[in-house]
Amino acid sequence: MDAGPRFFTVEEANALVTSLELEFGRVARVRAELGPLIDSLGGADAAVELLQEDGEAPPGREADTERLRALAGEITAAVERVNELGCLVKDIDQGLVDFYALMDGEPVFLCWQFGEPAVSHWHGLEEGFAGRQPIEGVTVRPPPFMN
């Protein structure tokens, strides 16, 4: 039986920032390799076709096709690891992650973006990133290892 989404306090969400930084750092490194590989295989449409179960590698490009599949698998695994923490990856390109929370008894999302030192914003469930607002009373400081 599904217990529903996990709800976070600001402190609980912030405790995951280091893990999120590691995962999205991995994704950024993979994406840096993925872009040129996709281009060399004929662009995004060709890459999507190759990633589908019946996609066949062009002659002589089997190794590149396998590398494409491996990199795509690394990104998928990173997203799954983040989601397993109870977070929601909202945008892999921008590194956006939301956490369910309660504000004045109403469900909202705490939100974090790759590169931010802490979770310091929130938005309504239907508003998205454009509706971000600062969390009152949250002081954002970099982790001690960044000082």
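Trainee: Why does cysteine 87 count as buried?

Mentor: The relative accessibility of cysteine 87 is 2%, and buried means under 20% relative accessible area, exposed over 50% and partly exposed in between (1.4 Å probe, protein chains only). Cysteine 87 therefore counts as buried. Please note that this is a predicted model, in which local features need pLDDT of at least 70, side-chain atom pairs count only at pLDDT 80 or more, and totals for chains, interfaces and linings use all residues. Residues are numbered from 1 along each chain as its sequence is written, and side-chain values use heavy atoms, with hydrogens and water left out.

Trainee: What makes strand 2 and strand 3 a pair?

Mentor: Strands are DSSP runs (E, at least two residues), as helices are (H or I, at least four), and both are numbered from the N terminus. Two strands pair if DSSP finds at least two bridges between them. Eight bridges join strand 2 (residues 96-103) to strand 3 (residues 106-113), so the two are paired, and they run antiparallel. Alanine 101 stands opposite valine 108 in strand 3, and phenylalanine 99 stands opposite leucine 110. Four bridges join strand 3 to strand 4 (residues 121-124), also antiparallel, and phenylalanine 109 has histidine 123 in strand 4 as its bridge partner.

Trainee: Why are strand 1 and strand 5 called edge strands?

Mentor: The open sheet of five strands has the order 1-2-3-4-5, with antiparallel pairing. Strand 1 (88-91) and strand 5 (133-134) each pair on one side only.

Trainee: What is the phi of aspartate 104, and where is this residue found?

Mentor: Most residues other than glycine have a negative phi. Aspartate 104 has a positive value, near 55°. Aspartate 104 is found in the loop between strand 2 and strand 3, which form a hairpin with two residues between them. With a relative accessible area of 77%, aspartate 104 is exposed.

Trainee: Is valine 17 buried or exposed, and which residues does it touch?

Mentor: Valine 17, found in helix 2, has a relative accessible area of 5% and is therefore buried. Not counting residues up to four places away in sequence, valine 17 touches Trp112, Glu116, Pro117, Ala118 and Val119; contact means heavy atoms within 4.5 Å. Valine 17 and alanine 118 are 101 residues apart in sequence and 6.4 Å apart in space, C-alpha to C-alpha.

Trainee: How do the residues lining the second largest pocket divide into nonpolar, polar and charged?

Mentor: They divide into ten nonpolar, one polar and two charged. Here Ala, Val, Leu, Ile, Met, Phe, Trp, Tyr, Cys and Pro count as nonpolar, Asp, Glu, Lys and Arg as charged, and the others, Gly among them, as polar. Helix 2 (17-40), helix 3 (44-51) and helix 4 (62-84) each supply at least two residues of this lining.
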